[in-house]
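This report describes a single protein chain for a reader who is new to structural work. Please keep the sequence and the structure in view while reading.

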Amino acid sequence: MILDFISFLKEYQKWIIISLCALLILLAIVIWVIKKERKKEKITIQRIATIGIFAGLSSVLYILDFSLPLIFPEFLKINFSALPILIIAFLLGPTDAVTICIIRTILKFILKGSGTAGVGEVMDFIVSSSVALVVSYIYSKNRSMKGAAVSLVFGAMTWVVVALIANWLVIVPLYILMFFDGNSAPLIGMLSMVLKNVTGDNYMWKYLLMSALPFNILLSSVISLITFAVYKPISFISHKLVEEDYEID
């Protein structure tokens with residue numbers, strides 16, 4: 001196992017360095033946005049309650065996942081936990097949306113555990129946080145139905161791009177290492193159940209273009225449409241939170 005891990009590091013050294021740099025950049029952006037938002041946010045009882053409710057809802061939706069084995073590989077799980085996160089990105093901004101991402105991930109590990117040794121959860125956190133940052137930033141410039149629609153379009157695009165890059169550079173290599181000791185043959189077998197002519201030379205691009213791409217387009221589109229549909233009915237919450245006068249010292 002140790003020798004396999006060392007050989008894996010040597011083989012993917014370049015991509016590991018690139019992926020770590022990308023993760024550090026994302027983390028730096030998240031920290032910068034959080035610090036900027038905290039300067040102008042009030043911590044109210046109603047705000048904390050709202051975060052708690054949506055974090056609980058996101059966690060439940062995260063646990064209630066399912067797959068479409070005849071269409072996508074079984075390890076690609078569909079869940080709608082990003083829906084409450086995007087709603088909070090609209091209502092409260094990126095700080096609270098990323099906070100819910102963190103709470104959701106922790107509760108998933110506690111209540112259900114991980115079927116992917118944490119690889120899937122890392123992927124979900126990267127994608128959800130990235131989308132929340134993009135959606136909240138664009139919407140903050142135009143808080144209207146049009147602004148919501150534009151932000152969700154760019155959010156869906158961000159979702160797909162980040163998911164593909166993360167899968168290519170981090171998630172798939174890490175998944176092969178954690179589950180199959182660096183041997184890609186079992187993964188190729190899983191992909192062959194839904195894709196044709198998968199080999200050791202083409203499994204990565206076939207998975208990215210024929211599974212990961214349509215999967216993330218489908219999921220991001222459905223969640224964006226639902227978010228847009230419920231945006232207006234719950235927008236009054238945003239106004240109540242802004243007008244709330246009760247603060248916690």
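## Salt bridges

Lysine 112 and aspartate 65 are joined by their side chains in a salt bridge, with a distance of 3.0 Å from N to O. The lysine belongs to the loop between H5 and H6, and the aspartate to the loop between helix H3 (45-63) and strand S1 (66-67), so this pair ties together parts that are 47 residues apart in sequence. The structure examined here is a predicted model, and every value in this report is to be read with that in mind.

How many salt bridges does a search of the whole structure find? The search finds two. Besides the pair already described, glutamate 121 forms a salt bridge with lysine 108, and the closest N and O atoms of this pair are 2.8 Å apart. Glutamate 121 is part of helix H6 and lysine 108 is part of helix H5, so the pair ties together parts that are 13 residues apart in sequence. In general, side chains of opposite charge can pair when their charged atoms come close.

## Exposure of the paired residues

Are glutamate 121 and lysine 108 buried or exposed? Both of these residues are buried. Residues count as buried when their relative accessible area is under 20%, and as exposed when it is over 50%.

The other pair falls between these limits. Lysine 112 has a relative accessible area of 44%, so it is partly exposed. Aspartate 65 is also partly exposed, because its relative accessible area is 23%.

## The chain as a whole

The chain contains nine helices and two strands. Read from the N terminus, its elements follow the order α-α-α-β-β-α-α-α-α-α-α. Of the 249 residues in the chain, 46% are buried.

## The largest pocket

The largest pocket holds about 700 Å³ of space. Its lining consists of 34 residues, and those closest to the centre of the pocket are Phe75, Leu76, Lys77, Gly120 and Asp124. Such spaces can be located in a simple way: rolling a probe the size of a water molecule over the atoms shows where empty space is left.

Which helices each supply at least two residues of this lining? They include H5, helix H6 (119-141), helix H7 (145-180) and helix H9 (203-243). H6 gives the most, with seven residues. Sorted by class, the lining has 18 nonpolar, nine polar and seven charged residues.

Ile102, Ile106, Ile110 and Leu111 make a nonpolar surface patch of about 410 Å². One of these residues, isoleucine 106, is found in helix H5, which spans residues 94-111. Isoleucine 106 has a relative accessible area of 47%, so it counts as partly exposed.

## Residues apart in sequence

Several pairs of residues can be compared by their separation along the chain and by the distance between their C-alpha atoms. Methionine 190 lies in helix H8, and with 24% relative accessibility it counts as partly exposed. Methionine 190 and proline 73 are 117 residues apart in sequence, while their C-alpha atoms are 6.6 Å apart in space. Alanine 163 is located in helix H7 and counts as buried, because its relative accessibility is 0%. From alanine 163 to isoleucine 126 the C-alpha distance is 8.2 Å, and the two are 37 residues apart in sequence.

Glycine 115 is placed in the loop between H5 and H6. Its relative accessibility is 62%, so glycine 115 counts as exposed. Glycine 115 and phenylalanine 75 are 40 residues apart in sequence, with 8.6 Å between their C-alpha atoms. Phenylalanine 75 is also among the residues closest to the centre of the largest pocket.

## The loop between H8 and H9

Asparagine 197 lies in the loop between helix H8 (185-192) and H9. Its phi angle is near 55 degrees, which is a positive value in a residue other than glycine. With a relative accessible area of 64%, asparagine 197 is exposed.

Asparagine 202 is found in the loop between H8 and H9, but at 13% relative accessibility asparagine 202 counts as buried. The C-alpha atoms of asparagine 202 and isoleucine 188 are separated by 9.5 Å, and these residues are 14 residues apart along the chain.

Methods: Residues are numbered from 1 along each chain as its sequence is written. This is a predicted model: local features need pLDDT of at least 70, side-chain atom pairs count only at pLDDT 80 or more; totals for chains, interfaces and linings use all residues. Side-chain values use heavy atoms; hydrogens and water are left out. Patches are made of residues with over 30% relative accessible area and no salt bridge: like charges are joined within 9 Å, nonpolar side chains (Val, Leu, Ile, Met, Phe, Trp, Tyr) within 5 Å. Accessible areas come from the Shrake-Rupley method with a 1.4 Å probe; for residues, only the protein chains shown count as cover. A salt bridge is a side-chain nitrogen of Lys or Arg within 4 Å of a carboxyl oxygen of Asp or Glu. Helices (H or I, at least four residues) and strands (E, at least two) are DSSP runs, numbered from the N terminus. Buried means under 20% relative accessible area, exposed over 50%, partly exposed in between (1.4 Å probe, protein chains only). On a 1 Å grid over the protein atoms alone, a cavity is a set of points where a 1.4 Å probe fits but cannot get out, and a pocket is an open set with protein on both sides within 12 Å along at least five of seven lines; lining residues have an atom within 4 Å of a point. Grid points are joined across faces, edges and corners, and a volume is the space filled by probe spheres set on the points. Ala, Val, Leu, Ile, Met, Phe, Trp, Tyr, Cys and Pro count as nonpolar, Asp, Glu, Lys and Arg as charged, and the others, Gly among them, as polar.
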